[in-house]
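Thanks for coming. I have one structure to go through today, and I will take it residue by residue before turning to the whole chain. Please have a look at it first.

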Amino acid sequence: MRLVAESFAWPFRGKLTTWIWGCACVLFLPLLFIPLLGYALVATRSAALYPDLPPPPWRISLPLIATGLLMSIVVIVTVLPFALALNPLATALGDSAYSHVIAFFVLLFLWGLLALLLLPHATSTYATTGVYTDLFDVTAALRGVRRDFATWNLVVAAMVTAWAIGIACAGLLCVGIVPGVFYAILVSAHAAAALHHPIATNPGSPAR
């Protein structure tokens, strides 16, 4: 449980400018999706290699953009099969006006399970090695879950709870969903970093 508590507290150690830039990226998400994903990987690397430091400051750079672009490809690759299955599943559920809604949430749940199974280990490994193929190594990710099953369970618990809190911020004390989502991103980055195994870091690792 210490992991969960530390992950929940870590975002509050970030500087105000870190939060301002992060919230701006969330607010303009369609436009700034790639740098936001890049920063999430940078935050994961920082939490893994420098656990005593607060969330890293924002430094927009080509390595950060490249990292975000790679991560966006991973997201698209994992989402695409479920997106293609939406209409066939809705049709199979019948002609109800709610068939697409039901199909959407069923597929969203299944995608969430897949993402939690594969992405924490893959992103943690890539964040610390800089080897882009680590993001797409499904076999290594599954081996990681088996090897670190207890830690992975805590990581997933922290991520799911953080996103629930982040979304709940939409109506919580007028805080707003924008800082709530950035909070969830930072918690997820810190939690995923717990799956890091000390290895020689590639000079091409995502820049801080």
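Let me start with a question: does His121 count as buried or exposed, and at what relative accessibility? His121 counts as buried, because its relative accessibility is 4%. On the terms here, buried means under 20% relative accessible area, exposed means over 50%, and partly exposed is in between, with a 1.4 Å probe and protein chains only.

Before going on, the ground rules. This is a predicted model, in which local features need pLDDT of at least 70 and side-chain atom pairs count only at pLDDT 80 or more, while totals for chains, interfaces and linings use all residues. Residues are numbered from 1 along each chain as its sequence is written, and side-chain values use heavy atoms, with hydrogens and water left out.

Back to His121. The residue is found in helix 5, residues 99–129. Helices here are DSSP runs of H or I with at least four residues, strands are runs of E with at least two, and both are numbered from the N terminus. Setting aside neighbours within four places in sequence, His121 is in contact with Ala141, Gly144, Val145, Arg147, Asp148, Trp152 and Leu195. Contact means heavy atoms within 4.5 Å.

Helix 5 also holds Phe105. Which way does Phe105 go, buried or exposed? Phe105 is exposed, because its relative accessible area is 51%. From the C-alpha of Phe105 to that of Gly166 the separation is 19 Å, and the two are 61 residues apart along the chain.

Next, Met159, in helix 7, residues 149–168. Met159 counts as buried, since its relative accessibility is 10%. Its contacts, leaving aside neighbours within four places in sequence, are Leu116, Pro120, Ser188, Ala191 and Ala192. Take Ala191 from that list: Met159 and Ala191 are 32 residues apart in sequence, and their C-alpha atoms are 7.1 Å apart in space.

Now Ser7, which lies in helix 1, residues 2–9. Ser7 counts as buried because its relative accessibility is 0%. Not counting residues up to four places away in sequence, Ser7 touches Val187, His190 and Ala191.

How many of its 17 residues are buried? The count is 15, so helix 8 is mostly covered.

Pro54 sits in the loop between helix 3 (29–49) and helix 4 (62–92). Pro54 counts as partly exposed, because its relative accessibility is 31%. Apart from neighbours within four places in sequence, Pro54 is in contact with Trp10, Arg13, Gly14 and Ser46. Pro54 and Pro11 are 43 residues apart in sequence but 7.5 Å apart in space, C-alpha to C-alpha.

Leu16 is in helix 2, residues 16–27. Leu16 is exposed, given its relative accessible area of 64%. Its C-alpha is separated by 12 Å from that of Pro54, which is 38 residues away along the chain.

Finally, the whole chain. There are 8 helices and 0 strands. Of the 208 residues, 44% count as buried. Why does the radius of gyration agree with a compact globule? A compact globule of 208 residues would have a radius near 17 Å, and the chain has 17 Å. That radius is taken over C-alpha atoms, and the globule rule is 2.2 Å times the number of residues to the power 0.38. The C-alpha trace spans about 55 × 45 × 35 Å along its principal axes. Among contacts between residues at least 6 apart in sequence, 76% join residues at least 24 apart.

That is what I have on this one.
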